[in-house]
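Hello,

As promised, here is the structure we talked about. Have a look at it first, and then read my notes below.

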Amino acid sequence: MLPVVALLGRPNVGKSTLFNQLTGTRDALVADTPGLTRDRHYGIGRSGDRPFIVIDTGGMGEAEAPVESLMEQQSLRALEEADVAIFVVDGRQGLTPADEELARAFRRQNKPVVVAVNKAEGQARDAAVAEFHALAMGQPRAISASLGRGIVPLMEEVLSHV
Ligand code: GDP
Ligand code: MG
């Protein structure tokens, strides 16, 4: 059985872009429209010589409308399927109340979660990462999914939990 890694987080933080980096495909729908990728989506990635299954999910954490609560349920099911999750957050937007709410939901699942601070290119990386320590989910990792930066150390950390 390959380890299963779920990509979780609010819409538009860069989950599908990270999925494409990890799997080397353009399969996941990358969109400027938040929440467009509504269903789970599976691919195979590789870190060094270790293959893993990666699950992309639609957005979650803005659960007002019925369609959003459906997305949240799908994402929590993805976390149930996974051995470990990457909680993707937006380093440009900074920490949001929705991120904090998601962190609480993830903690209840009792699975290892690694925080990836995306869109961290071209800015003060330490500052971008610092405020996400407040999530109390270990050392946040700065990445740029679109430029493919920080992915190798992120995946080493993620796979150290399985
Ligand atoms: P998702 O809704 O979480 O799956 O987010 P997407 O992968 O669809 O990306 C949402 C938007 O963020 C798109 O416009 C991406 O091009 C952009 N994006 C993703 N990763 C990065 C990154 O590392 N840096 C920057 N600047 N933009 C990014
Ligand atoms: Mg997406």
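**What I found**

In this predicted model, 41% of the 162 residues in the chain are buried. The chain has five helices and six strands, and along the sequence they follow the pattern β-α-β-β-α-β-α-β-α-β-α. Among contacts with a separation of 6 or more, 64% are between residues 24 or more positions apart.

**The sheet**

- β2 is antiparallel to β3, and seven bridges join the two. One residue pair to look for is Gly43, which stands opposite Val54 in β3. The hairpin of β2 and β3 has two residues between the strands, and Gly48 there takes a positive phi near 60°.
- β6 runs parallel to β5, with two bridges between them. Val117 has Ala142 in β6 as its bridge partner.

**The core**

Next, the largest nonpolar core, which has 38 residues; Ala85, Ile86 and Phe87 touch the most other members. Elements giving two or more residues to this core include β1 (4–8), β3 (50–56), β4 (84–90) and β5 (113–118) from the strands, and α1 (15–23), α2 (66–81), α3 (97–109) and α5 (151–159) from the helices. Which element gives the most to this core? That is β4, with six residues.

Leaving aside neighbours within four places in sequence, Phe87 is in contact with Leu8, Gly9, Phe106, Val113, Val115, Ala116 and Met137.

**A covered helix**

α1 deserves a look of its own, as nine of its nine residues are buried. Besides Leu18, Phe19 and Leu22, the buried residues of α1 include Lys15, Ser16, Thr17, Asn20, Gln21 and Thr23. The cover over the buried residues of α1 includes β1, β2, β3, β4, β5 and α5. Just after α1 comes Gly24, with a positive phi of about 70°.

**Two backbone angles to check**

Most residues other than glycine have a negative phi.

- Lys119 is not a glycine, yet has a positive phi of about 65°. Lys119 sits in the loop between β5 and α4 (125–130).
- Ala136 is not a glycine either, and its phi is positive at about 55°. Ala136 lies in the loop between α4 and β6.

Are these two residues buried or exposed? Lys119 has 22 other C-beta atoms within 10 Å, and a residue with 20 or more counts as buried, so Lys119 is buried. Ala136 has 10 other C-beta atoms within 10 Å, and the limit for an exposed residue is 12 or fewer, so Ala136 is exposed.

Happy to go through any of this with you on screen.

Best wishes

Methods. Residues numbered from 1 in each chain as written. Chains lettered and ligands numbered in written order. Predicted model: local features only at pLDDT ≥ 70, side-chain atom pairs only at ≥ 80, totals over all residues. Core = buried A, V, L, I, M, F, W, Y, C linked by C-beta atoms within 7 Å. Helix = DSSP H or I, 4+ residues; strand = E, 2+ residues; numbered from the N terminus. Contact = placed C-beta atoms within 7 Å. Pairing = 2+ DSSP bridges.
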